[in-house]
Amino acid sequence: MTAGEGLRERKKRETGMRIWRTALDLFTERGFDHVSVAEIAAAADVSKMTVFNYFGTKEDLVTAPMMNHVGDVVRAVRERAAGESAVDAVRRQFLEMIEVRDPSIGLNDDPRSLQARQLIQNTPVLLQRASLAFSQAQGELAELLAAEGGDPMLAAVAAAQLTGARNALINEHHRRILAGESAQGVADDAAERTERAFAQVENGLGSYPGPKRAPQ
């Protein structure tokens with residue numbers, strides 16, 4: 001039981017975790033499309049209605065933890081201090097998340113989290129849902145930047161660069177951990193990668209990646 005958590009809250013949290021873990025196991029064993037919510041409910045020893053009370057859709061049974069953080073980049077820019085640039089705000093937020101080993105940025109080698117990540121990667125409907133959510137967050141960021149800067153096109157370019165850098169870093173964390181590295185090992189050089197990624201955004205692409213080579 002966590003500090004300040006009552007018996008009712010603890011039981012509610014434990015029920016949600018049991019449903020989530022049961023769903024992941026069934027999806028991994030049989031495939032997302034071949035498991036019904038009714039089967040998940042039966043295996044978790046709850047009613048079908050209880051599953052939907054905790055998770056609004058079948059897809060949420062896998063993607064809910066990730067969806068809770070889709071808007072982080074928008075919050076970083078919206079809530080930044082006066083005088084702080086959007087690049088600095090997103091970079092600072094990401095570095096702070098590295099410092100605490102935040103699992104939402106991929107610094108998590110818990111088997112259940114890896115299980116969920118692989119399900120998303122291997123299931124088209126889940127991958128599409130995740131892509132749509134991040135695209136919507138990018139659009140929301142573009143609107144926020146346009147309201148400050150006035151040029152919707154340039155705001156859209158900036159939003160794509162900021163979200164792109166952040167997503168590339170997260171994907172790199174996932175890639176390395178799924179390949180067998182520990183979360184701690186990946187976290188050890190995450191700050192350095194973050195500085196390089198956002199430096200490129202801050203400085204602009206310039207001549208990157210250099211002159212195109214002539215065909216051999």
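**Figure 1. The largest cavity holds about 50 Å³ of space.** The structure is a predicted model. A search of the whole structure turns up one cavity of 30 Å³ or more. The lining of the largest cavity is made up of Val-70, Val-73, Phe-134, Ala-137, Thr-163, Arg-166 and Asn-167. The largest share comes from α9, with three residues. By class, the lining residues of the largest cavity are four nonpolar, two polar and one charged. Rolling a probe the size of a water molecule over the atoms shows where empty space is left.

**Figure 2. The largest pocket holds about 840 Å³ of space.** Its lining counts 32 residues, and those nearest the pocket centre are Pro-65, Met-66, Pro-103, Ser-104 and Ile-120. At least two lining residues each are supplied by α1 (7-30), α4 (60-67), α7 (111-122), α8 and α9. Among the contributors, α7 gives the most, with six residues. The lining of the largest pocket divides into 17 nonpolar, 11 polar and four charged residues.

**Figure 3. Ala-116 is shown in helix α7.** Is Ala-116 buried or exposed? The relative accessibility of Ala-116 is 8%, so the residue counts as buried, the cut-off for that class being under 20%. Pro-103 and Ala-116 are separated by 13 residues in sequence, and their C-alpha atoms are 12 Å apart in space. Helix α7 is also the element that gives the most residues to the lining of the largest pocket, and Pro-103 is one of the residues nearest the centre of that pocket.

**Figure 4. Met-153, Leu-154 and Val-157 form a nonpolar patch on the surface.** Together the three residues have about 280 Å² of accessible area. Met-153 belongs to helix α9. With a relative accessible area of 51%, Met-153 is exposed, because the class begins at over 50%. Helix α9 also supplies three residues to the lining of the largest cavity.

**Figure 5. Asp-45 has a positive phi in the loop between α2 (37-44) and α3 (48-54).** The phi of Asp-45 is about 60°, although the residue is not a glycine. Most residues other than glycine have a negative phi. The relative accessibility of Asp-45 is 66%, so the residue counts as exposed.

**Figure 6. Arg-101 has a positive phi in the loop between α6 (86-99) and α7.** For Arg-101, a residue other than glycine, phi is near 55°. Its relative accessible area is 31%, so Arg-101 is partly exposed; that class lies between the cut-offs of 20% and 50%.

**Figure 7. The protein chain has 11 helices and zero strands.** Along the sequence the chain reads α-α-α-α-α-α-α-α-α-α-α. The C-alpha trace spans about 60 × 50 × 35 Å along its principal axes. The protein chain has 216 residues, of which 39% count as buried.

Notes:
Residues are numbered from 1 along each chain as its sequence is written. This is a predicted model: local features need pLDDT of at least 70, side-chain atom pairs count only at pLDDT 80 or more; totals for chains, interfaces and linings use all residues. Side-chain values use heavy atoms; hydrogens and water are left out. On a 1 Å grid over the protein atoms alone, a cavity is a set of points where a 1.4 Å probe fits but cannot get out, and a pocket is an open set with protein on both sides within 12 Å along at least five of seven lines; lining residues have an atom within 4 Å of a point. Grid points are joined across faces, edges and corners, and a volume is the space filled by probe spheres set on the points. Helices (H or I, at least four residues) and strands (E, at least two) are DSSP runs, numbered from the N terminus. Ala, Val, Leu, Ile, Met, Phe, Trp, Tyr, Cys and Pro count as nonpolar, Asp, Glu, Lys and Arg as charged, and the others, Gly among them, as polar. Patches are made of residues with over 30% relative accessible area and no salt bridge: like charges are joined within 9 Å, nonpolar side chains (Val, Leu, Ile, Met, Phe, Trp, Tyr) within 5 Å. Accessible areas come from the Shrake-Rupley method with a 1.4 Å probe; for residues, only the protein chains shown count as cover. A salt bridge is a side-chain nitrogen of Lys or Arg within 4 Å of a carboxyl oxygen of Asp or Glu. Buried means under 20% relative accessible area, exposed over 50%, partly exposed in between (1.4 Å probe, protein chains only).
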